[in-house]
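Here is a short tour of a two-chain model, written for someone who likes the cut-offs spelled out. Please have a look at the structure first.

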Amino acid sequence: MALSGVEIFKLLPKTNCKKCGFPTCLAFAMKLAQRQATLDACPDVSEEAKKVLGEASAPPVRPITFGSGEKAVKMGEETVLFRHEKKFVNPNAFVLEIRDTEEDATVEAKIDAVLNSEINRVGQLLRIDGICITNESGDGGKLGAVAEKVATKAPEVPVIVNTESPEAAEAALKHFTGKGAILYGVTEGNAEKMAEVAKAHKATVGVKAEGLEALSALTEKVKGLGVEDMVIDGGARRAGEILEQNTLIRRAAIKKSFKALGYPVINFAQREDGMYEALVAGLGVCKYGSIVVVSSAEKWKNLALFTLRQNIYTDPQVPMQVEQKIYRIGEPTADSPLIITTNFSLTYFIVSGEIENAKVPAWLAVMDCEGLSVLTAWAAGKFTGAKIANFIKESGIEEEVSHRELIIPGYVAILSGTIEEKLEGWKVTVGPREANAIPNFLKQKVA
Amino acid sequence: MGYEAVKESFSGGVFPVRIGKEKEEVFGGENTLPFHKFEGEVPNRPLIAYEIQDVAPEEWPETVRTVYEGVSEDPVKWARHCEEELGARAIALRLVGTHPDGKDLTAEEAVKTVTSVLEAVKAPVIILGSNHVEKDSEVLPRVAEAAKGYNCVIGKAQEANYKTIAAAAMANDHKLIAMSELDINLSKQLNILLTQMGFAKEKLITDPMCSALGYGLEYTYSVMERIRLAALAQNDEVMQPPMLGDVGMYVWKIKEVQAPEEVLPEWGSVEERGILWEALTATSLMLAGAELLIMRHPKAVEMVEKFVDELI
Ligand code: B12
Ligand code: SF4
């Protein structure tokens with residue numbers, strides 16, 4: 001259970017030495033209670049207090065790192081139920097399942113699909129984060145063989161080993177020792193042996209039970225076996241059950257600080273129909289899944305799911321934005337066209353992408369509008385004729401280009417008069433409305 | 001310490017809205033968060049309406065235009081096709097042809113289209129203007145009158161034209177969509193204005209404004225979640241009408257549903273991409289609280305219905 005500020009205060013040294021950066025122990029205690037400070041800021045806290053407070057001040061959903069190295073994924077640490085309250089912290093991982101009954105060619109193709117899944121969207125590199133190797137055959141040798149293939153072909157990709165057999169687990173996990181793998185399939189029946197295997201290979205444990213009561217009992221048991229890092233599954237497979245369990249788990253962790261369910265959740269979204277499967281995976285993205293397992297990774301499906309994850313995990317208070325400046329697209333010269341837009345990331349990346357598609361080098365003037373899109377910024381009075389004129393004057397672009405022509409977005413055609421008035425000697429050209437018409441527009445312009 | 005489920009029950013609920021004449025449909029009516037059947041009542045599934053237009057859909061991208069080839073030149077054929085072949089539970093007829101920048105069709109022409117579609121189908125009909133503030137306040141009152149007795153949904157009333165449109169919907173016994181721009185306060189204010197002029201809040205549908213996956217979806221999603229929490233937890237009556245997700249129109253104009261695979265191989269097949277884009281936008285908004293959805297692609301609708309089956 002979470003402790004109040006006063007309860008925490010009682011455990012502190014009460015010397016008011018200020019080494020934590022706060023004026024008094026009480027002030028520090030209050031910040032700890034609000035999770036706005038961490039205990040390690042106080043150098044003098046007793047070991048006993050550390051133990052009590054450490055338990056209480058730990059984030060409600062335990063942080064877990066899946067994988068290692070550059071492709072490692074952070075999970076957990078969530079603090080709210082709704083994204084408008086506060087940013088969701090760690091985006092879920094998408095994991096592609098490979099079953100050990102699948103033919104070699106399929107296995108190879110799936111590994112390739114993961115390795116080639118990277119897509120750049122709005123400046124972020126997105127990809128299928130991991131591979132789940134499932135022991136469908138029940139045969140440890142088969143699982144080990146697939147594991148070896150994955151370890152060789154995709155050594156950096158985080159891996160889940162999915163089996164309930166400790167022997168099969170050992171055969172597979174030995175290929176991922178110390179690599180932040182997850183051993184999923186720990187149940188009431190096999191917990192002791194599985195915990196041993198997981199510990200030997202420094203793996204996180206994936207526990208599985210039917211229902212949340214059994215699940216909480218099992219996580220406590222596993223913890224008693226000396227394993228701290230877990231991901232949890234209450235057995236939900238149908239969409240309605242996934243929504244229910246994910247919601248109740250998140251509520252228990254956040255509203256009641258119920259530690260036995262304070263772990264990242266793993267959801268299995270696999271369906272026969274790969275397109276339909278994306279809707280179930282989307283439920284995991286929107287509603288508290290930390291790992292979402294899928295059975296296929298078509299490029300169109302990846303793009304849609306990555307985009308959803310990006311949307312749900314953006315900061316609701318601060319739109320994603322880019323720096324105000326004149327960007328060079330290609331290698332522009334003094335004659336190259338000059339285009340203006342706002343600094344909302346999405347707007348910038350769409351427009352710069354289309355200029356690149358045009359293969360016409362250009363100057364792209366990106367104006368600070370607090371991260372708003374063109375029309376929103378215009379409606380909010382941040383993308384006005386006067387402000388644009390000012391920005392162009394101060395940007396120094398007049399020294400870079402020999403012409404005096406500014407291309408503006410079609411949606412704000414209405415601004416051309418004011419800009420020409422305020423920006424002496426300049427001519428305004430109204431571009432197309434939608435960015436996908438930019439390539440043709442630019443090609444005709446320089447032709 | 002043992003596990004205890006943290007369940008929530010609310011004092012407020014969403015109004016159920018019943019539409020249609022020959023065949024009725026009801027949506028809304030729950031007293032819990034979207035699909036939270038484990039702690040409340042969810043008596044009705046969301047209603048998905050197939051979008052059709054008064055003029056041929058020349059601007060729709062190929063993926064969704066071609067599925068209506070041969071019927072989409074004629075709104076009556078198109079509506080029948082949706083009802084009879086695709087099993088549409090509702091039809092959303094958008095009068096885009098009336099837009100002054102387009103064909104600029106007159107209110108008389110709109111009335112003709114509307115009456116012939118109403119006669120052709122049994123399913124409830126949602127009648128939408130062209131989203132031109134002035135033209136809608138000219139056209140929508142006329143079609144609302146012509147549709148009297150059919151218990152339709154009329155849309156959309158906005159801050160700038162709500163009076164005329166709401167008056168017409170009220171006089172002719174229709175339900176009304178109230179649209180504002182992605183802001184819970186604006187949405188609440190418009191609903192208040194409407195109820196102040198005597199429009200029953202139980203006959204409203206709130207449209208907080210849609211946006212497509214990747215193009216502002218997170219804003220619509222969060223505004224919907226906030227409206228729904230206000231309705232349930234604060235028992236705020238003006239926030240209790242069901243919500244609309246006008247999905248098809250926002251999805252089928254973005255680059256992701258149009259760019260061919262030859263140009264962007266890393267995005268994969270354009271057909272599947274487009275269909276999934278529409279379906280995933282719809283399901284995400286349903287999880288945030290939308291109960292009425294307007295969609296275009298039959299495969300997308302089919303998948304969303306299947307997803308609802310799995311949720312309910
Ligand atoms: C999300 C959104 C918001 C978000 C802000 C998101 C953001 N970061 O900007 C929020 C909720 C905060 C918001 C607020 C408001 N919004 Co708003 N919002 C939208 C929405 C749904 C999407 C905007 C978006 O992200 N578009 C995507 C980006 C990429 O588009 P873009 O920047 O315009 O770029 C495109 C083109 O312009 C072109 N392009 C860009 N640069 C260039 C340059 C050149 C040279 C060329 C050729 C082309 C080009 O390429 C891009 C792709 O084609 C639109 C409606 C809609 N569905 O479009 C309304 C919309 C923009 N909002 C509107 C309004 C009125 C407002 C508010 C004033 C009202 C309110 N709700 O309070 C406030 C103002 C904000 C403020 N701070 O005061 C109106 C604007 C009306 C108008 N016609 O002027 C719109 C159009 C809704 C509507 N139909 O009424 N909004
Ligand atoms: S560092 Fe520790 S002892 Fe010193 S004021 Fe802060 S909390 Fe108190």
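The report below goes through a sheet, a strand pair, a helix and the chain contact.

This is a predicted model, in which local features need pLDDT of at least 70 and side-chain atom pairs count only at pLDDT 80 or more, while totals for chains, interfaces and linings use all residues. Residues are numbered from 1 along each chain as its sequence is written, chains are lettered from A and ligands numbered from 1 in the order in which they are written, and side-chain values use heavy atoms, with hydrogens and water left out.

**The sheet in chain A**

Helices (H or I, at least four residues) and strands (E, at least two) are DSSP runs, numbered from the N terminus. Two strands pair if DSSP finds at least two bridges between them. In chain A, five strands make an open sheet of mixed pairing, in the order S13-S15-S14-S16-S17. S13 (325-329) and S17 (427-430) of chain A are the edge strands, each with a single partner strand, so one side of each has no neighbour in the sheet. From one strand to the next, the twist averages 30°. Axes here are lines fitted to C-alpha atoms, for helices over the stretch in contact, and angles run from 0 to 180 degrees between N-to-C directions.

Within this sheet, S14 (residues 338-342) and S15 (residues 362-367) of chain A are parallel partners over five bridges; A:Ile340 has A:Ala365 in S15(A) as its bridge partner.

| Helix of chain A | Strands of chain A touched | Angle with S15(A) |
|---|---|---|
| H12 (residues 345-358) | S13, S14 and S15 | about 175° |
| H14 (residues 385-395) | S13, S14, S15 and S16 (405-408) | about 125° |

**A strand pair and a helix in chain B**

S4 (residues 90-94) and S5 (residues 125-128) of chain B pair in the parallel sense over four bridges, and B:Ile91 lies opposite B:Val125. In a regular strand, side chains alternate between the two faces of the sheet. Accordingly, B:Val125 and B:Ile127 point one way from S5(B), B:Ile126 and B:Leu128 the other, and all are buried (under 20% relative accessible area; exposed is over 50%, partly exposed in between; 1.4 Å probe, protein chains only).

Helix H9(B) has 16 of its 19 residues buried. Just after H9(B), B:Gly289 takes a positive phi of about 135°.

**Where the chains meet**

The contact takes 49 residues from chain A and 50 residues from chain B. About 4,600 Å² is buried between the two chains, 67% of it on carbon and sulfur atoms; buried area is the accessible area (1.4 Å probe) that two parts lose on being put together, summed over both. Seven salt bridges cross this interface, each a side-chain nitrogen of Lys or Arg within 4 Å of a carboxyl oxygen of Asp or Glu. A:Lys255 and B:Glu8 form a salt bridge at 2.4 Å, N to O.

Conventions: Contact means heavy atoms within 4.5 Å.
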